[in-house]
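Thanks, everyone, for making time this morning.

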Amino acid sequence: MLKKKFAIASYLSWSDFMPSDKTHREVKKPQITIRYLAEYMNASDRTRRTILRGCKYQPIARVVQHDEAKGVVSRFVRDYENNDFLLSEADRIRNKLADSDFERDVNDHNADYITRFATISDRLHIPEADRLAPGRAIVASLGGTKLNIVLQFKLRRLTKTNKIRVGGGMLRYAKGKPLPAAVGEWQSAILFGVLGLPGTITDEAAEAEQRLCLTIDAQSGHIYPAPTNSVSRFKNSEAACATIADAWDQIEPPSGAVI
């Protein structure tokens with residue numbers, strides 16, 4: 001029995017018994033979300049470096065996410081006509097039991113998100129179209145960089161000549177801080193371009209439509225459809241992604257980071 005224990009222990013080092021002091025995890029291959037790519041396209045060179053550093057070296061510490069709030073808003077956009085649903089869901093989330101201060105903080109932030117959206121929901125003018133469940137995340141490869149897109153809902157309509165046009169809505173939110181219009185336009189333009197790539201839309205008869213590709217600022221209530229120059233913007237985004245892929249291996253970690 002002693003020999004067996006010694007044999008198992010011989011495969012381990014002291015580091016296996018010590019608590020991890022790592023602060024970041026390294027993403028080995030170039031990848032970025034549509035949110036950060038939109039910000040990257042509108043940023044200075046210095047801010048671009050900061051964005052890419054954050055994409056490659058991601059903090060291990062838990063970060064407050066708004067996933068539950070986005071799910072509630074998604075259902076509201078698709079199925080409800082008044083704010084009663086939003087306000088009841090905000091109360092439910094705020095009053096949920098929490099096992100830690102962090103969980104309580106997450107619940108409060110998600111409830112605040114929904115409550116804020118309730119105050120601006122009557123300003124939303126989403127184009128006339130069928131509002132559908134978002135489905136799976138969209139993953140595309142642009143210039144050697146993996147791009148991730150999460151929709152909150154899909155849009156689909158028939159034209160007068162029975163042609164299918166599709167798009168989708170994405171939510172952005174920063175408490176007390178409206179989304180810059182330029183960033184919203186970039187994000188919608190990139191979505192329009194990705195939906196135009198072969199194989200992205202499962203219905204071969206459907207085509208992406210600029211006015212159905214939307215970025216919604218849940219703080220201000222502004223909606224940013226893909227602009228008229230979306231095709232050229234998307235080409236610029238593809239070129240930027242190629243630059244990101246080329247530079248990925250040279251991106252240095254944040255000061256003091258333990259990888």
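In the hairpin of β5 and β6, which residue takes a positive phi? That residue is Gly143, with a phi near 55°, in a hairpin that has 2 residues between its strands.

Before I go further, please keep in mind that this is a predicted model, in which local features need pLDDT of at least 70 and side-chain atom pairs count only at pLDDT 80 or more, whereas totals for chains, interfaces and linings use all residues. Residues are numbered from 1 along each chain as its sequence is written, and side-chain values use heavy atoms, with hydrogens and water left out.

The element names are DSSP runs numbered from the N terminus, with helices being H or I of at least four residues and strands E of at least two. Strands β5 and β6 run antiparallel and are joined by 5 bridges, where pairing requires that DSSP finds at least two bridges between two strands. Within this pair, Leu142 stands opposite Thr145 in β6. Strand β6 also pairs with β2 (residues 31–33), this time in the parallel sense and over 3 bridges, and there Thr33 stands opposite Asn148.

Buried here means under 20% relative accessible area, exposed means over 50%, and partly exposed lies in between, with a 1.4 Å probe and protein chains only.

Leu147 and Ile149 return in the largest nonpolar core, which has 40 residues, and they are among those with the most contacts inside it. Such a core is a set of buried Ala, Val, Leu, Ile, Met, Phe, Trp, Tyr and Cys residues joined through side-chain atoms within 4.5 Å. The largest share of this core, 7 residues, comes from α7. A second, separate core of 26 residues includes Leu124, Tyr173, Ile216 and Ala218.

Elsewhere, 5 strands form an open sheet of mixed pairing, in the order β4-β7-β8-β9-β10. Since β4 (130–132) and β10 (223–225) stand at the edges with a single partner strand each, one side of each is left without a neighbour in the sheet. The partner of β4 is β7 (residues 153–158), joined to β4 by 3 bridges in an antiparallel arrangement, with Asp130 opposite Arg156.

Finally, Asp249, in the segment after α8 (230–247), is exposed, with a relative accessible area of 62%.
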